[in-house]
Each structure stands twice: as structure tokens, then as C-alpha cells.
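Reader: Before we begin, could you take me through this structure slowly and explain the terms as they come up?
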Amino acid sequence: MADRRPFLHVRDVSKTFVIDNERIDALHKVELIVGKGEFVCLIGASGCGKSTLLRIVAGFEQPTSGDVRVYDAPITGPGSDRGMVFQDYALFPWMTVRQNVAFGPLQKGLKEAHDIAGKYLEMVGLTKFADRFPYQLSGGMKQRVAIARVLANEANILLMDEPFGALDALTREQLQDELLEIWARTQVTILFVTHSVEEATLLADRVVVMTAGPGRIESDNPVRLRRPRDVSAPDFNEVRRTLTQKLTSHVSRRQLKTAA
Amino acid sequence: MQRVRAIALGAGFPLALIILWHAAVLSSGTKLVPTPYMVAVMMRDFAFGGVYDDAFSGTILTHLLASMQRVYGGFFLAAALGVPLGLVIGKVPLLRQLLDPTLSLLRPIPVTAWLPLSMVFFGLGPRSAVFLVFLGAFYPILLNTIFGVRSVDPRLFEAANMLGCDGTSLFRKVVLPAALPSIFTGLRLGHGFAWILIVVGEMTGVPTGLGSVIMDGRTLSRADLVITGMIVIGVAGFLCDRLIVALNNYVLRWSPQHHG
């Protein structure tokens, strides 16, 4: 544990897209360090580059300048150490739940792939549904499969891009609780994109507020609330209000600027 | 009750057509078009013999098998070439740029226009028929496969990459299964065209086959024989299509929306 190198280090990352000859600065000199086992939420208005940042960490996109390192080793592409959980699940529809979860271990040639899949399916409570196809599952169940899939692949960084955004409120609450439980059990590091301040306040050790035009980090806020957190507690509301202010004050300032 | 209704409606309409046909032949007094009853007698003779006892009596299996050999020879050739070619054209932009203009130019040429050249290349005989069937089945299979590959959700590739799957194993494990619904659409269309083209293919002077029976019927001015041949092709094509649909529904059991 005495490793002094930063675990996940986003170093001075900028990303420019060119769409129809128009340059879009999705990210501008973003610097972020995430400790091992930390739960970090990225929030911000749409267009602030939070998803782009996540995709760069995943290795799906290359930064225009800067780089992302894990223990000083630069990320060059997708890797099994980082597992992305997509908002639209991205399960393989032609595979059963068990086959989806066993896919990563099978790619590595592990003979015990199906046992590994079984273990993680149990962790997310889907043992009974192991032989179903994704179309037979609810949204919440699909997202549990997606989480089990990256955990079975031995990802130690979970990258979650608004994973619960498409779910109804009740299912979302349930999955948030389950995620916290899994996080506590597996000690994975989580980088979680959301646009819900409440969700960020409930889940995160740190909430990173991002702003658009160009996308950059506006503030980095440790959340010092004890777990399990109670969304109706006064101190919870206090944190949420502060974060909301940071988020909206900037949005309205920018809107004023563009209006002027 | 619903089922009875569906059957009554589905069977009632052709029955009404047959009655109309019968009435039309009788009322017009034509000798060129046989009544449905005369066709039924011809069908019986074609299948079992014992009515006219001529060259066509009891020969249904000979002709049907000869035609099926050519239909499936051409069809499987088209599938064996069209599916792999479609997979690589769909996935490799370089190949697409190389081949797409040529294919787009060749595609609108009607298969019948190839008939003279096909006779030059393959002579008068079954090989010409197989070639024409192949041409007709090839394009729908190829184009639907390309379409299937190009419309795979890019997230599935990202998910596969992150789970350690790339290169050729990506083709087998993700591209092919994800494109299967479209590939089956192409196979089903191509299969339909194969049966349509068998008559054209067997116009090239082959002694057996349902197409040749129809051509003989025309030469001999025997419309009952022509119609009998048409019915056999229709029924055989229909039954084989049901087989493909059953295969489709089994292979695509993970996607009910693609069931035929």
C-alpha cells in the first residue's frame, strides 16, 4: 500500500474534435488524480466533456494532448483493468446473461470462466436469470449484468457513464445501494459520470464539477458525509445545495455572457 | 376462434380465385387456358402418372430434384461468397472504397441480361442455370450483410475491446453474430430470388427441371403443364422459405423482433 505514485492520473488532457470544419474544445487542460479505491463523481451540464473524459480514460478516445496514466503507465487503448458501464448497457444481445459475464474471462482463456461468471452473477443477484437473454431483462437487471461483466473481467477501475440515467427512480435507488455495497466489497475505484447532484452526493468521496466551453474542471469537492448516507438528513442537503450552486452559478454566468 | 378466422380468411381468398378462374374459363369458352380441374388432373399425372402416360407422367421428383440442386447450388454459392465478402466490406473501409463502386455498377444489371454471356461462359446446361441463380441471390445477401455490419452498435465493439476481444476474434464473436439479423434478411431475399430465377436459368436448354417443364409446356402449347410447373415451384419455394424462417427464428432466438 506504500505506493506513492498516483493511481489514476489524468495529466493535462485536452481534446479537440473537428466536426464539419468546426473545432470543438471538448476538454481543456484537465488535471485529475484519483486514489485507489476512491469513488469520484463527475458532474456538469451537457457538453462539459465529462463523458469524453471518461472515454479517454477507457481508451476509446485518444487525447489531443496530455495523457492518462495508471501507476505511471500511460493508457494507450482499451484494457481489461478499466471497465466501462454504458448508459445503454451495451450487452451482447445474442449471448445469455452468463455468456455475457463470462466473455472477458473466456477471452483470457480461463477455464473457470463460467465459475467466475457465476460468482459475479450471485454478487449482483442474478443467478436465477443466468440463462436468459438480455431482451428478457428489465433495464435495472441489464445494468447489473453490465456491472458483473466488468467485475468478472477483473477491472479495478469502473468507468460509469450515467449508468442509472435510463432507469426509473425506484430501480435507480436500489442500484445505487447495490453499487455502494459492491464498491465496499471489491475495493474497486469508481469514476462515475452523472448529471444528478443528489446521486453524486449520495455516492461519491469526491465530486468533480465540470463546466463547458471549453470543458474543464471547475472545482473538486470532497464529500465528508458518513456512510450510509441519508438523503433526507440536513447535512446531506447542505452538501447538495453547495454543489448545486457551484453547478448552476457557472451555467447561468455563461448564459449571461453568451446573451451579452 | 381467432385461429379459425385466420385460416378461413387465408384459405378463402385463393379458393375464391380458383372459383373465379373456373367461371372465367367456362364463360369465355377459351381453349388456351385450362380450368382448375384440368390442371389438377395434370398435376396428378405429373406426380403419379396413369392419366396421359406421356413424357411428363410421374416425373415430378426428377424435375423437382434437378431444380432444387440448381437453386441450392447457386444459393449456397452466393451465401458462401456473399456473407464473408459482406463482412469484410462492411468492416474494412479500404475494401469498401475499392469494391463499392464496381458492385453498385453491376447490381442494376438484370440477371436475365447475363443470360447470353452466361451461355458463352458455361455453355448450354445446368452450370448456366446455377450461375444465374447465384447472380440473383448474391446481391441481396451481400448488400444485407454489409448493411448488417455497418449498423452494429459501435458500443458493442467498444465493449468487446475492453473485454480483450479484437482483431479476427472480433469478427467471429461480435461482427458476425451482431450482423446475423440482416444476414438472414439477405438469405431469405436471396433464397426467394433463387427460386424466381430457376425458370430463367433452365431456359438455357437443360432437359430436366421445373423451368424446362414450363418451357416445354409453352412449346407444346400445353398451358396445364405450364401452370402445374408454376404451382410446384410456388409450393416448393414456399415450403423451403418456411424452413429458412424456422432456422432464422432458432438462430435469432435472442431477438424476437427479427422473427419471421
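This is a predicted model: local features need pLDDT of at least 70, side-chain atom pairs count only at pLDDT 80 or more; totals for chains, interfaces and linings use all residues.
Author: Helices (H or I, at least four residues) and strands (E, at least two) are DSSP runs, numbered from the N terminus. Residues are numbered from 1 along each chain as its sequence is written, and chains are lettered from A and ligands numbered from 1 in the order in which they are written.

Reader: What makes chain A as compact as a globular protein of that length?

Author: The radius of gyration, taken over C-alpha atoms, is set against the globule rule, 2.2 Å times the number of residues to the power 0.38. For 260 residues the rule gives 18 Å and chain A has 19 Å, which is close, so chain A is as compact as a globular protein of that length.

Reader: Why are α2(A) and α3(A) called oblique to each other?

Author: Angles under 35 degrees count as roughly parallel, over 145 as roughly antiparallel, 65 to 115 as roughly perpendicular and the rest as oblique. Helix α2 (residues 97-107) and helix α3 (residues 113-123) of chain A pack at about 125°, with their axes 8 Å apart, and they are therefore oblique.

Reader: Which residues of α2(A) and α3(A) meet?

Author: Taking contact to mean C-beta atoms, placed from the backbone, within 7 Å, A:V97 and A:L106 are among those in α2(A), and A:A113 and A:L121 among those in α3(A).

Reader: How many residues of chain B are in contact with chain A?

Author: There are 14 in chain B, which touch 20 residues of chain A, and helix α7 (residues 154-162) of chain B gives the largest share of chain B's side, six residues.

Notes. Axes are lines fitted to C-alpha atoms, for helices over the stretch in contact, and angles run from 0 to 180 degrees between N-to-C directions. Two residues are in contact if their C-beta atoms, placed from the backbone, lie within 7 Å.
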